[in-house]
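Please take a look at the sequence and the structure below. The report that follows covers a helix pair and a sheet.

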Amino acid sequence: MSYLTLRGINKIYPNGYHAVHDFNLEIEKGEFIVFVGSSGCGKSTTLRMIAGLENISKGDFLIDGVRANEKGPRERGVAMVFQSYALYPHMSVYENLAFGLTLQGVDEDVIEQKVYKTAKILGLTDYLDRKPRELSGGQRQRVAVGRAIIRRVDIFLMDEPLSNLDAKQRVTMRSEITQIHRETGATTIYVTHDQTEAMTMADRIVVMKEGYAQQVGTPYDLYFNPVNMFVAGFIGEPPMNFINATVKGGKLNIKGNVIDLGAIADKSVIDGYENKEVAFGFRPEAIRLAEGNDTGDAYRITCTVELTELLGDNTNVYADIQGIKTILKVDPQETPQIDEKLEFAIPYKSVYLFDKQTEKRIKLRAQ
């Protein structure tokens, strides 16, 4: 196992495009780190710099405290799994798994032992004689993962390895990769655009946007304590609702729904935003349908139901607050009717406020 240090890492291409800005991260031995963000945010470029496939324009990359900027991929002791599988089509599964060890001059008996052990872990024992074209997408992905783990390196790098699989295969492979990580204990960096993969697999997540790391933390931290609107809106499905409003007299008026900020924030904080625009945020799953005797620990808002999606364990309700679009998550037994007037409650503890100008989360308590 290896620990990694990325200190002030930048990637600037010859045409002047700045793909990664001042990236800093300490990765502990055996950690499972996920880089997540939309396409073009710099996550794959960062991974390729760690792998040695891209030069680092500025900054220091260290493996176990030793600078590795100038080392090639083989010297860094990494194994990489690509989105495209990168299997040799003319080779059998056995030959694909054994190829890297053969190049290293490993004894045939040792190779055979390792191939069968790896195939057993990945459920590929019955497919060792098949060519990649004879396998399903999930099976080919297992071969790609197997070719990486068979080398027993200290660092695994995975670049969107599940993006070519269907939804059911992705769920299966997520659990398999997580189990492999537990068994090998290798330091793993995983790149994805899918926040569900990030939340279910990672020890820590790095959320990236336009080449900058927005926040680094555990899935719990990112979900409950986002530092800005981008992280709050990216983590969670459906995404967090944001309603723009101006603070006046310590209150927000959201299309006739008066929100008294004194219930959730200190007066000194509220006074600092008087006559300023803020974003009022809440997660779709945090709400409850209001009742006549609802207690005073929540804000009540009235909306009109536009569309419902019954998903089995819950229903997504697309609602309109006089022109403001929101998504609510409710119990399927409480699915409302289209065009119904609906009142819902947002518990005080589930409310977020963001500075609309900076998009940073507002600390509601002064201390």
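## Where two helices touch

In this predicted model, helix α5 meets helix α6 through a set of named residues. On the α5 side these are G137, G138, Q141, R142, V145 and I149. On the α6 side they are Q169, T172, M173, E176 and I180. Sorted by class, the contact has four nonpolar, five polar and two charged residues.

## How the helices are set

Helix α5 spans residues 137–149, and helix α6 spans residues 167–184. Their axes come within 11 Å. The axes cross at roughly 15 degrees. Angles under 35 degrees count as roughly parallel, so α5 is roughly parallel to α6. The crossing of the two helices is right-handed.

## The sheet

Which order do the strands of the open sheet follow? The order is β6-β7-β8-β3-β9-β10, six strands with mixed pairing. Two strands sit at the edges: β6 (78–81) and β10 (212–217). Each of these edge strands pairs on one side only. From one strand to the next, the twist averages 15 degrees.

How many bridges join β6 to β7? There are four, and the two strands run parallel. Strand β7 covers residues 155–159.

Conventions
Residues are numbered from 1 along each chain as its sequence is written. This is a predicted model: local features need pLDDT of at least 70, side-chain atom pairs count only at pLDDT 80 or more; totals for chains, interfaces and linings use all residues. Side-chain values use heavy atoms; hydrogens and water are left out. Axes are lines fitted to C-alpha atoms, for helices over the stretch in contact, and angles run from 0 to 180 degrees between N-to-C directions. Angles under 35 degrees count as roughly parallel, over 145 as roughly antiparallel, 65 to 115 as roughly perpendicular and the rest as oblique. A crossing is left-handed if the near helix is turned anticlockwise from the far one by less than a right angle, and right-handed if clockwise. Contact means heavy atoms within 4.5 Å. Ala, Val, Leu, Ile, Met, Phe, Trp, Tyr, Cys and Pro count as nonpolar, Asp, Glu, Lys and Arg as charged, and the others, Gly among them, as polar. Two strands pair if DSSP finds at least two bridges between them.
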